[in-house]
Structures are given as C-alpha cells and as structure tokens.
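Have a look at the sequence and the model before reading on.

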Amino acid sequence: MPSRRILLLNGPNLNLLGSREPAIYGSATLADHVANVEAACAGLGWAVQHLQSNSEAELVGAIHAARGSADGIIINPGAFTHYSWAIHDALAAFDGPVIEVHLSQPLSRESWRHTSVVAPVAIGTIAGFGGVGYALAVEALSRHFAAAKTL
Ligand code: DQA
C-alpha cells in the first residue's frame, strides 16, 4: 500500500509538449515528464494519479475528487494559472499541500503571465527549471511531509 497518493495535474496545451514551442518548453513530451514524476514517487513509495486536460471543468472535477483521496497535488495549470478562479477555489477546498509548477518562468515573459491566481493556494511555486521542476516538486512535497511530521 503506497504511503502517499499524489495527484499530478497538467492543464491546457501541455498535451502538446515536445512539439509545442520547444525553445520555451523543451523537447520532452508530457509522457516523459509524467514518467519522471512516477519514478520519483515510486522511489518514495508513493502512488501517482495523472490527468492532463484542456478543460477547466475536468480539472476542477479532478481536484474535487482528490478531497479525501489524495495527500498532495502537483499542478501545472498552463494558461489557467493566470485567470482561473474556479481552479483557485477548488484548490482552496483541498486539504493537503499544493505545488504549482511551470516549465518556463512566467515572470520573465509577457506581463499577462505575471499574475498567478493559483499561487495564493499553493505552498510554493517552482518555475523556470524546465522538466526538472516536476521532480523538484516531488522533492518539495517529500520535505514538506517530513517537516509536518516533526511539528
Ligand atoms: C506554463 C506557463 C503558462 O504561462 C503557459 O500558459 C503554459 C505553460 C509553463 O509550464 O511554463 O501553458 O504553465
């Protein structure tokens, strides 16, 4: 039985990774990133459930379903980052830690990317490290859970 259950969410257009603007997002596919998260979690004895969706409603539904069934959420909300108060509210209703991940560094891009409505409901944001960010998010969750135990 896994000691932790992690929900990995990827938002709109991230299904195109590998061929979408590789100069910004890199050449790895979403499947590559998911496999890296699964490997990192397996090393910790954790289970991962992954959903990529281009639909805000589907992502909100997955966050609702995580209530009581997942211990933490790693989310790259894609462009929803910048305006989806529905995803913000759903994450606010989730009890466990949320980590926001971006492959690129939105703060060094267009000004409309400088606002994240997800950041206020995340324990932290990892951005600008490409695909490594997903593995860093697993590491951050691991340290967060370990620190919570010693409190
Ligand atoms: C992104 C950054 C967002 O601004 C953009 O809309 C994406 C990807 C990233 O991973 O860098 O779709 O979340």
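Where does the ligand sit? The ligand sits in the largest pocket. A pocket here is worked out on a 1 Å grid over the protein atoms alone: it is an open set of points with protein on both sides within 12 Å along at least five of seven lines. A molecule counts as sitting in one if more than half of its atoms lie within 2 Å of its grid points.

A quick word on the ground rules. This is a predicted model, where local features need pLDDT of at least 70 and side-chain atom pairs count only at pLDDT 80 or more, while totals for chains, interfaces and linings use all residues. Residues are numbered from 1 along each chain as its sequence is written, and side-chain values use heavy atoms, with hydrogens and water left out.

**Around the ligand**

Who are the neighbours? The ligand is surrounded by Arg-20, Tyr-25, Asn-76, Gly-78, Ala-79, His-82, His-102, Leu-103, Ser-104 and Arg-113; a residue is near a molecule if one of its heavy atoms lies within 4 Å of it. Sorted by class, this shell holds 3 nonpolar, 5 polar and 2 charged residues. In that sorting, Ala, Val, Leu, Ile, Met, Phe, Trp, Tyr, Cys and Pro are nonpolar, Asp, Glu, Lys and Arg are charged, and the others, Gly among them, are polar.

| Side chain | Distance from its N or O atom to a ligand oxygen |
|---|---|
| Asn-76 | 2.8 Å |
| Ser-104 | 2.6 Å |
| Arg-113 | 2.9 Å |

Taken alone, the ligand exposes 320 Å², and the protein buries 99% of that. Such areas come from the Shrake-Rupley method with a 1.4 Å probe; for residues, only the protein chains shown count as cover.

You'll find Ser-104 in the loop between β4 (98-102) and β5, where helices (H or I, at least four residues) and strands (E, at least two) are DSSP runs numbered from the N terminus. Is Ser-104 buried or exposed? Ser-104 counts as buried because its relative accessibility is 9%; buried means under 20% relative accessible area, exposed over 50%, and partly exposed in between (1.4 Å probe, protein chains only).

Most residues other than glycine have a negative phi. Now meet Asn-13, whose phi is near 75°, a positive value in a residue other than glycine. Asn-13 lies in the loop between β1 (4-10) and α1 (22-25), and its relative accessible area of 35% makes it partly exposed. Glu-21 is also in the loop between β1 and α1. Its phi is positive too, at about 35°, although Glu-21 is not a glycine. With a relative accessible area of 42%, Glu-21 is partly exposed.

Another loop, between β5 (124-127) and α5 (132-150), holds Gly-128, which is partly exposed at 41% relative accessibility.

**Along the helices**

In helix α3 (residues 56-66) sits Ala-62, which counts as buried because its relative accessibility is 16%. Ala-62 and Leu-7 are 55 residues apart in sequence, and their C-alpha atoms are 8.6 Å apart in space.

Asp-89, in helix α4 (residues 85-92), is exposed, with a relative accessible area of 51%. Helix α5 contains Lys-149, which is exposed at 69% relative accessibility. Lys-149 and Ala-23 are 126 residues apart in sequence and 41 Å apart in space, C-alpha to C-alpha.

Notes. A polar contact is a pair of N or O atoms within 3.5 Å; within protein, one must be able to donate a hydrogen and the other to accept it, and residues adjacent in sequence count only if both atoms are side-chain atoms. On a 1 Å grid over the protein atoms alone, a cavity is a set of points where a 1.4 Å probe fits but cannot get out, and a pocket is an open set with protein on both sides within 12 Å along at least five of seven lines; lining residues have an atom within 4 Å of a point.
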